[in-house]
Structures are given as structure tokens and as C-alpha cells.
Amino acid sequence: MPNPEQGQQQPIPPSRPPEVPGPAGSPRRKLIAAALVVLLAGGGWYWYSHRGAGADAQGTQGARGPGGPGGASGPGAGGRGGPGGPGAPRSPVVVSTVAQRDMDVTLNGLGNVTPVSNVTVRAQVSGPLLKVLFKEGQMVKAGDVLAEIDPRPFQAAFDQAVGQLARDQALLQNARLDQKRYRTLLQQDSISSQQVDTQDALVRQYEGVVKTDQGNVDNARLQLGYTKVVAPVSGRIGLRQVDPGNIVNTSDTNGIALITQIQPIAVLYTIPEDSLPAVLKKLNSGEKMPVQAWDRQMRNQLGDGTLLTTDNQIDTTTGTVKMKAIFPNADGMLFPNQFVNVRTRVDTLKDATVIPVAAVQRGQQGTFVYVVDDSSKVRVQVVTLGPSDGNRTAVLKGVEPGQRVVVDGADRLKEGMTVEAVDPAARAAQLVPASQPRGRGRRRDGGSWGGASGAQGERGERGASAPQGEHRRQREGAGSGADASGAAAEAPAPRRQP
């Protein structure tokens, strides 16, 4: 191999190629880019949170401004609009005037409606049931035909009994004719007296046979009549217990149907044994005591009646005595076995001082009422109560007729408070039910959504990504305010790095 010439440059041996700058070849640039992204995200979050807090503070300040609750001039300031100030709001209450009138003294009891008659209609002869002539639930009268049993066997027995009776009657008639002849011959001394006596005995024998036959005829006629089942009492007939075509017997437990007499109808109820002397005093004097029947909720009156009698003993286990009242029940509102509340009028108080039961309050001082004076201030008045009829109660001492007492809204009252008498309908309209749903999300004030304008809200919804929109909706649902949601809508999204 030839040597290189003198002065000629030696060739450079191949080595590693130089580093080309690029995305994957500069770790320093990666770190710079990541730090920039972190700084931008932190700055955006800081600006977003501070702007939302400022909007919330501004909204709160606006809500507490003049005229708002808790503002400088609101009730919370303790000034003119605060509690105890001259302009303090009056507590709305419903009042009633103490009246003076006659009041009934009544006894309340629990009872059940009991029919006067409850009859199970059964077949009195056995045989196939041919017809059912009633409708279930029909009102029937005593003597109405309800069903029919096959009468042919009983008709045949009746005819046989009638024939036997006719035969024996003919024999009796012939024996009587012979008896008459024998007595004539005995007077003529043509026959012996023994023959006449024998004929007299034969006549009496035939008379007995005829009576027996007549009884058989009557029994056969009765059995034939039993083939038509009739209603023994008037009342309402129940559901049918047997269908036509079945064999009915006198020993059937359920019978054919059940009839309950509901006009009139009775009510059995109980009263405490302590109230029995007042009731017996009225009953023993012959005075009729009016009785009223009410439904389970004591809302509807079902009927008026009179007390009939009491039981002959007191139930020692409950300390009550049973009473029985009779109701005409012309409209049929009282139904057998129905539960009712019974009110018995025992006496009537003349010119009694009466207040509603709702006005009576109870506390450490006993029973009292809130009396409203002419200056619309309330004071506590202890009262002594008398008898009550359920809606109103008599006051023996404490209030006078013409005074006003609070019947609704007394739970917030104190001695000396100023109140405002309102109409009961307006009072009911002010009460908001606890089950009423509260408004959630953004609220519309002055035609805008929250504190931001509608255009800003729309731009925020279009510009924000899906996670940001979900975050904004969560803040709105949590009650952070509409202004914060508007600020979140205007927050810039982080720039995407190349």
C-alpha cells in the first residue's frame, strides 16, 4: 500500500453523527414546557377562584343592602326594622271572639252499628232448589217470596192426605146415620140398648180418625207451603249462598241468604262509668236523650237517634258501660257492623261563656289563653274550663264575652307582643308546606342568568370543555351563586402545547 504524500491531509475516521435538535432530543425543553403548562394552569385556577369569590361577595352584599334581609336597614340590624324597634313586623294570628250562648254537654263514645233483626233464611223442607227470586242487596219486605223448592213430592203427599180425609169423613157420616136409626128403633123397643151403645162408640171412633186425617192434611199443606221460601222480616238481603239446581236441606248452616233489618237500626256504644249517674237520671225520669252518630274522622254526621237503654252491669276490665240507641236510618247511612263515634247530649248550659277549643293552651301555670287587647298586644290569661262539646268549651272563669283570643299562631307568641289579626284563608296561604321543592341551579334576575349576562353564559357553555361544564354545573347545584357560574364560563382554557 503506498504511503501518502508529504503534506497531504489525512482523512478523518468516521465517528458518531452530531445530535440533531428535535422534540425527542432536548430534555431541557421538555422541562420548560411542562413548567409553563403548570404555571398557566395555576394562574387560571387562581384567577377563576378569586373572581368567583368576589362575585359571591358582591351578590351577598347586594342581598344585604338596603331593603334586604340582614342589611343596614333590615330587621337584623336591630334598628328601626329590627325586633323590638318601632317598625318591627307584627306576628300574624287568627283570633276569635269570646261568645255567650247555650252550650250542650255531651258524652262521647265509640260504638258499632247493630241491626235490630239479623235473620238467616234457611229451607224448611229438603228438595231441589228450582228458582231464586231475589237480587243480592235488594230491600225486601216480610212475606216476599225469595226462592222456590220443587213442590211435586209435597203436592202428592197433600193430595193423599186429602183423599184419606174424604174417605174417613164418609165412614163417619154413615156411622152417624146408623146411630140415628138405632136410636129410633131403641125408642120403639125394637133393638137392644147394647147395639145403640156400640154404634155410638163407632161414631166417636170415626170422628177421631177424621181429626187425624185433618191434621195430616194441614201438615201436608204446610210442607207444600214451605216449598216457597219467604222473607221472615223486612230488611236488606245479602249475598246468595246457594244456586238453583242444588239440593237444599233444613240442616244447611249457611242457609239461602241473610236478611238484616236496617230501618230502624241500633248502635251499641260505651261510656265511662263516671258518666253513668247523669245518664240514669235522665232515663229514670222518662226523658228522651238525643244521640248523634258520626263517622270515624268525626267529619260527617250519619244520623240522629235516641237512647234506648243501658246494660245491666259495668265492665270491670274497662270501667265502661254499654248503651243502646235506636236510629230511624231513613237514608241508610248507618250500615251493620260499621264503626261510629257517638255523642249523647246529657244537659244544656244556659248563657255559658264559650271559646274555641283551639284557643286553649297548657303550660306550667295550667290552662291559659292569649287575649288580644285593643292595642293589638297579647297577654296570658289563666282560665278555668268547663264542659266541652268537641269544638267549643265553656269557660267558668278567666275571660269575658266580647274579648278576643288567639286560636292560631300562638306557638310564637310571648307576653306583650304585638300581633296582627289575619283572615284564616290568608293565614293558610302564608304557610309554605315543608314538602315544597326549593329552586336549584341558576336563577333568572332581570332577564339574565345569575350575575353574568346571557351572552356570557352562552359563551361559557360553548367555550368550556365537557369537564369544565360539569364542574360549573356542580358549583351551581351546590348553591355557590350565579355569579360564580358566570365567572367559570368566562375562564380561559389552558393552551395546548405543541
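The following questions and answers concern a predicted model.

Student: Which residues of helix α4 are buried?

Tutor: Helix α4 covers residues 276-284. Seen down the axis of α4, its buried residues fall within an arc of 130 degrees, so they line one face of the helix. The face turned away from the buried side carries exposed residues, namely Pro-277, Lys-281 and Asn-284. The buried residues of α4 are Leu-276, Val-279 and Lys-282.

Student: Which strands do the buried residues of α4 pack against?

Tutor: Leu-276, Val-279 and Lys-282 are the buried residues in question. Their packing partners are β2 (99-115), β11 (265-272), β13 (301-310), β14 (320-327) and β15 (339-356).

Student: Which residues touch the most other members of the largest nonpolar core?

Tutor: In soluble globular proteins, nonpolar side chains tend to be buried together. The largest nonpolar core here has 22 residues, and the elements giving two or more residues to this core are β2, β11, α4, β12 (290-294), β13, β14 and β15. A second, separate core of 20 residues includes Leu-129, Ala-147, Ile-237 and Ile-259. In the largest core, the residues touching the most other members are Val-267, Tyr-269, Phe-327 and Leu-334.

Student: Are helices α2 and α3 roughly parallel or antiparallel?

Tutor: Helix α2 (residues 152-187) and helix α3 (residues 193-225) have axes 8 Å apart, and α2 passes α3 in a left-handed crossing. The two helices pack at an angle of about 160 degrees. Angles over 145 degrees count as roughly antiparallel. That makes the arrangement of α2 and α3 roughly antiparallel.

Student: Is Ser-117 buried or exposed?

Tutor: Ser-117 is placed in the loop between β2 and β3 (118-121). Leaving aside neighbours within four places in sequence, Ser-117 is in contact with Ile-259, Thr-260 and Gln-261. Its relative accessible area is 19%, and the cut-off for a buried residue is under 20%. Ser-117 is therefore buried.

Student: What residues does the cis peptide bond join?

Tutor: Most residues other than glycine have a negative phi, and most peptide bonds are trans. In the cis bond here, omega is about -5 degrees. The bond joins Gln-263 and Pro-264.

Student: What is the relative accessible area of Asn-337?

Tutor: Asn-337 lies in the loop between β14 and β15. Its phi is near 65 degrees, a positive value in a residue other than glycine. Asn-337 is exposed, and its relative accessible area is 66%.

Terms used
Residues numbered from 1 in each chain as written. Predicted model: local features only at pLDDT ≥ 70, side-chain atom pairs only at ≥ 80, totals over all residues. Heavy atoms only, no water. Buried < 20%, exposed > 50% of the residue type's maximum accessible area, 1.4 Å probe, protein only. Helix = DSSP H or I, 4+ residues; strand = E, 2+ residues; numbered from the N terminus. Arc of directions from axis to C-beta. Contact = heavy atoms within 4.5 Å. Core = buried A, V, L, I, M, F, W, Y, C linked by side-chain atoms within 4.5 Å. Axes fitted to C-alpha atoms, helices over the stretch in contact; angles between N-to-C directions. Parallel < 35°, antiparallel > 145°, perpendicular 65-115°, else oblique. Left-handed = near helix turned anticlockwise from the far one by under 90°.
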